[in-house]
Amino acid sequence: MPTLFLLLPAVGALLALMLPRHREHEARWIALIFSTLAFAVSIIIFIWFDPDTPGYQMVDQFAWINPGLGGFEVQYIVGVDGLSAPLVLLLGLLTVVAVLVSFSVEHRVKEYFAYLLLLETAVAGVFLSLDLIQFFLFWELELLPMYMLISGWGSGRARYSAMKFLIYTLAGSAFMLVGFLVLGLEGGTFEIEALTQAPPQDALVPLSLVFWAIMLAFLVKLPVFPVHTWLPDAHTDAPTAVSVMLAGVLLKMGGYGILRIALPILPEQAHDFRVILAAIAGFSVVYGAVITLQQRDLKRLVAYSSVSHMGYVLLGVAALGAVGLSGAALQMFTHGTITGLLFVMVGLVYERTHTREISEMSGLMHRMPLIGTVMLIAGLASLGLPGMSGFVAELTTFLGAFDAHPAATIAGIFGVVLAAGYILWTVQRVFHGPPDEKWAQLTDANRWWEYTAMGSLVVSILLIGIFPQLITRSIESGIEPIARIFEASA
Amino acid sequence: MSGWELVHHIGPSIALFVGAGIVLSADMLLPRGRAPLVMLTLLTLVVAGGWALWHANTGTSGPAFEGAVVMDRFALFFIFLLVSATAAVTVASTEWAQELDLKGEYYALLLVAAGAMSLLAQGNDLILIFIALETTSIVQYVLVGVTRKDRSAEAGIKYLISGAVAAGLMIYGFAFLFGTTGATSLDGIATFVQSGPEDARLPLTLGFVLVAAGFGFKMAIVPFHGWAPDVYQGGPTPVISFLSVASKAGGFAIALRLFYNGLGGGDTFISEDWAIMFGVFAVASMLFGNLGALVQTDARRLLGYSSIAQAGNVAIGLAAVAAGTTLGPSGVMFFLGTYVATNLGAFFAVIAISERIGSYEIKDYAGVFKRAPILAGVLMLCLLSLTGIPPTAGFIAKLYVFNGAVQAGEEWLVAVVAIAVVNTAISAFYYLSWVRTMALDDPEEETSIRTTGPMQAMLGLAATGVLFFGLVPAPLISAAQRAAEALSVPLS
């Protein structure tokens, strides 16, 4: 099943590329069909996944490189557990949304959708891989489509932003590879499960160095201060769908990597450095929020709010307890849907006004009541209003983190206050106020794909807000073995 | 050993030399333009390849000619590699060679170069190594100048002068090795080195550093790389495509043979010394090559710097010596195997595209993907492979070499790998900028670009190789590992 989820988008990408140039607009339908099929598979995976059975499920496995790199073979091995199942679902959903909001793309259509689908395959591979080498392979595979999408279909300084994204990620993952190779040398295997069972005690280079080499890649991806500067640029210049994917699932690769690899394989080092991690997290939350308040560009504003929100993930991680880790994992999922929706809305506004300057907009609610309302919903969810998914995640994170890191948690809570400020203030400036004459011609959301994209995300946000156990059961089963490692050592 | 057995021992090389003679005679005797030169060249390569296959199947191995040459799996690996690369270049350059005055000489020289390098891969004696290496070099100087145009001749002279200096240093190094050990055969040198005479350390070190200069010239590693960018830009591109893979493979082959067999692999008192030397060369090559490539605007010059940087990657495999493991040398061989497909694919695509657009400037490649999806697609694939992006062969090759270095279990090698992976990030900048220019920029004109059938076939072959070894690397890895095991078997 996971293999099918991995292959479907790649097949779609190939089919889209093979379209003749004069029929390339049909690529959007190919993309929609294949992303929907993949979404259906992700739903099946999520439903079939049984939270009460420990370990990985639906595992597909075969020896990939044999003889391998040295004494051990390299495997193709994919499977899901409680940690990856929700993220796979999120990926399936957001890719469909990303394809829908891309229906207005007119330029090099077939390549665009091919890269978008390839991106889904790459990210799926990261979430599903149970082998370090394979994980690294998909981590690198993600770079190309993302670079091309931002560089080729972005706006503003797209070339620069795409290259910045590429170099940051590559520099981070470079050290990750060195870390992986050292782990492989010590453990005699690259299989994540085996390394988790028997974490290396000693290595060629100090394990704390290995820990940071690996963490660097994840922290860049997450991202947190001070390695976040690629994110606002990439978001601002990326096309809407790519922003949705970037905020929605790509950032989750960082958090997922920490939970799947860094913590279970190097628990002692994580424990040693938890205070530093919490400090980075707390600072990132407040720093991100303060910078967000100063933004004049609507898209950049949402981008910086991501830096702040991803700080919560790291805060939950740094707590190293069941509650905090669950909060972090849940925050990843909810941030994916909420920020995904925010970027969809920003894209819809931009498509109509052709500006993202907040100061130029005023009273848009009169012209586009639906867009305004959904934006407000997304904003409220983002600031953690009870009844929406963001609230559950943030509350859980704070509960889990408070004992271990009171100062960082208080900083985090302060971040929520700031979030309320920037979100409400933005909505007020853009949608309320006196209607501006120059926007008199604007239309509301009026195309079926726009309705579908908005609707599916709003439903998921409310659903998780009201019935968090839909997701939390799975997440808790995934977090449980990680938390047990730290309970045992504490 | 009977005469036939001796001939059989170096059969592939003999076939190639004889073939070169036949090609030359055919060119001379038959009316101009009527001689089936390409067919004869390919036939020769098929015979040589078949002969190597015969050896592979019958398992002939061991030394001959008083131990001066040895036919083992290691030699066979490189013979196959060189013969395939030569065949690919022959087919891909047919169109270009049509215009050439010295057509017969061109094909004959290709065969001589391949034959000499095959012999080099079998070389097990300093004197034979020197002769084989010089034969290759001289042939290549002539090849670079084969069009007799200004740029080509200038490049040929540059190549000749730096090559002559390198050869001089190398023979000086050989003299040190012979003077210290009293043997020209690698077996004899190995016996001496394994006895571990501490007081011979200095002359031995002087010897292998100077020898490395000669080999490093072939591999184009820093600090013996000076010729590469100029020659790559100035020389005829089909010849350069041959040079870029065959010369590099030959250089690394003989370096592996000499350092692993002659200087005793991973468990002698000086192995760490030369491992560190290659580590330094690797780091310098990667940094110099990548930083140099960043500012290039000419496709050939960029590939020249890129080849220096890639040589640095391969040299990590040479530095990764450790007793009891063949990961380092097999990494070198696997990398070279994938590099032949990747770099030839890149060069062929550059030839095919630049021939039609009339420019080697990268900015003129704008939007080529729209005008020639297949050509540009192959070039993009090869550039991704050179960067090391999955699912291409280049990804596995880098992974393999880096892993081999870490597995050697030395802290300084981990540092070398860390520098190497950072260099990969640097290289992504220029490789992917080029990819971007081709894929996303708007072309100045929309007319489609076509190329010849043979060229298309070779491009298809290269692309298949790049993808196949990226997805199914196991066959090439086993071949490289078995070849590397031949190195560690004591010869006496």
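A contact here means heavy atoms within 4.5 Å. The model shown in these views is predicted.

**View 1. Chain A and its contacts.** Among chain A contacts between residues at least 6 apart in sequence, 81% link residues at least 24 apart. Chain A holds 21 helices and two strands. Its radius of gyration is 21 Å, close to the 23 Å that the globule rule gives for 490 residues, so chain A is as compact as a globular protein of that length. Along the principal axes, its C-alpha atoms fill a box of roughly 70 × 55 × 40 Å.

View 2. Of the 490 residues in chain A, 66% are buried. The chain exposes about 15,700 Å².

**View 3. The largest pocket.** This pocket holds about 1,600 Å³ of space. It is lined by 43 residues; those closest to its centre are A:Leu14, A:Leu118, B:Leu381, B:Pro391 and B:Leu467. Helix H1 (residues 2-18) of chain A gives the largest share of the lining, eight residues. The lining comprises 32 nonpolar, seven polar and four charged residues.

**View 4. The second largest pocket.** Its volume is about 620 Å³. Of its 24 lining residues, B:Phe80, B:Leu81, B:Ser84, B:Gly337 and B:Phe469 lie closest to the centre. In chain B, helices H4 (73-92), H15 (327-357), H20 (453-471) and H21 (474-488) each supply at least two lining residues. H4(B) gives the most, with nine residues. By type, the lining has 19 nonpolar, three polar and two charged residues.

Terms used. Residues numbered from 1 in each chain as written. Chains lettered and ligands numbered in written order. Predicted model: local features only at pLDDT ≥ 70, side-chain atom pairs only at ≥ 80, totals over all residues. Heavy atoms only, no water. 1 Å grid on protein atoms, 1.4 Å probe; cavity = no way out; pocket = protein on both sides within 12 Å on 5 of 7 lines; lining within 4 Å. Points joined across faces, edges and corners; volume = space filled by probe spheres on them. Helix = DSSP H or I, 4+ residues; strand = E, 2+ residues; numbered from the N terminus. Nonpolar A, V, L, I, M, F, W, Y, C, P; charged D, E, K, R; others polar. Rg over C-alpha atoms; globule rule 2.2 N^0.38 Å. Buried < 20%, exposed > 50% of the residue type's maximum accessible area, 1.4 Å probe, protein only. Areas by Shrake-Rupley, 256 points an atom, 1.4 Å probe, with all protein chains shown as cover.
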